[in-house]
Amino acid sequence: MFQVLALLESIKSRVRPPVVIVMGSPAQAADLCAGLGPVETVCYQMDVHQADKLRQQLKEIASAATVEVAPDLWDLPARFNTALFPAAAHGERELKLDLVEQSFHVLAPRGLLISLSEYQADQLLPKWHKKVFGKCSELPASRQGSVFWSVRDGERPRRRHELTFRARIGNGPSHAFVSRPGVFGYGELDDGARAMLEVADVRPGERVLDLGCGPGANGVLATDRAGPGSQVTFVDSNVRAVALADHNARENGLTNHRCVATATMDGLEPRSFDVILANPPYYANSWIAQMFIERSRPLLKPGGRLYLVTKMLNHVAPFMAEVFPESTWEERRGYHVLKGDAA
């Protein structure tokens, strides 16, 4: 278990408010807020679901810390004297590097980035501290993990960590998509999305909902069949994903689209979509897939279709059959694409 409080205690004397806590799970961020005590603290998150969970946990411990949600850490003002970055061992490598880079730009002059690593001997973070900040200090590694810190000295240009990939379905046109760390589909159109798009029946003029949109590739590629008169709505709980979907839609010539950041699908109009494309993440015992299925049903027009791709057919198919009794599925590219028809 990641013992962030023990690591914080080892470096706490160097912490100067105001403090920004850079990502981490809601539990980790809340623990750090508790350990810091009554100092001005802002918690940065890029997912509205995680942010809501964190706000609830802060309320339970009576912490005055606030939560900011934005596509990029550097969207926050450069006013913090300390940035605390809890870097879990299972965290996405490219996202860690991106957050170290962006931490520089939210620090005030002589501000300090402190990285708390779950690894006892982290080989990655000190290299990136040195690359971004020029220098890196560290405490002796312990069983709790590693601690690194660097000081912001001077200025440096902002550097994006992003990859652009191209994708097409069948004989359709090729599209370019910008992707960034922390968003599903970094650097490629995954085989699950490709399988779903190959199976999905999208007709001219139909309204499409790209649910769990990531960088927006599913919705953009669906418009090749829906045509110029169609409308696409991109939905994700990750605000970086929503910002990317909007960017990629515009760059690929979509003129009738909208983007919604939500973890609950609230605010979407009932009986307003012909096709819903859903590519849920594969964790949490399929609860996200189940939520997508349940909340998609009232959003579909009569004759509308939900397409959902999964690798966990035995977990997802029974719930699909409860909500869509005439549902079917097709195996493609090592995935199962489930189809639910609205009466």
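The model is predicted.

Start with the sheet. Seven strands form an open sheet in the order β3-β2-β1-β4-β5-β7-β6, and their pairing is mixed. At the edges sit β3 (66-69) and β6 (137-138), each of which pairs on one side only. Helix α3, residues 48-60, packs on this sheet. The helix touches β2 (41-45) and β3, and its direction makes about 175° with that of β3.

Strands of a sheet pair through backbone hydrogen bonds, either parallel or antiparallel. Strands β5 (residues 107-117) and β7 (residues 146-151) run antiparallel and are joined by six bridges. Within this part of the sheet, Leu116 stands opposite Val147 in β7.

Now turn to the loops. Pro18 lies between α1 (4-11) and β1 (19-22). Its relative accessibility is 13%, under the 20% cut-off, so Pro18 counts as buried. Which residues does Pro18 contact, leaving aside its neighbours within four places in sequence? They are Glu40, Arg79, Phe80, Asn81 and Thr82. Asn81 is 63 residues from Pro18 along the chain, yet their C-alpha atoms are separated by 5.7 Å.

Ser230 is in another loop, the one between α7 (217-226) and β11 (231-236). Ser230 has a relative accessible area of 5%, so it is buried as well, given the cut-off of under 20%. A polar atom of the Ser230 side chain lies 2.6 Å from the backbone oxygen of Gly227. Setting aside neighbours within four places in sequence, Ser230 is in contact with Gly205, Glu206, Thr223 and Asn256.

Notes
Residues are numbered from 1 along each chain as its sequence is written. This is a predicted model: local features need pLDDT of at least 70, side-chain atom pairs count only at pLDDT 80 or more; totals for chains, interfaces and linings use all residues. Side-chain values use heavy atoms; hydrogens and water are left out. Two strands pair if DSSP finds at least two bridges between them. Helices (H or I, at least four residues) and strands (E, at least two) are DSSP runs, numbered from the N terminus. Contact means heavy atoms within 4.5 Å. Axes are lines fitted to C-alpha atoms, for helices over the stretch in contact, and angles run from 0 to 180 degrees between N-to-C directions. Buried means under 20% relative accessible area, exposed over 50%, partly exposed in between (1.4 Å probe, protein chains only). A polar contact is a pair of N or O atoms within 3.5 Å; within protein, one must be able to donate a hydrogen and the other to accept it, and residues adjacent in sequence count only if both atoms are side-chain atoms.
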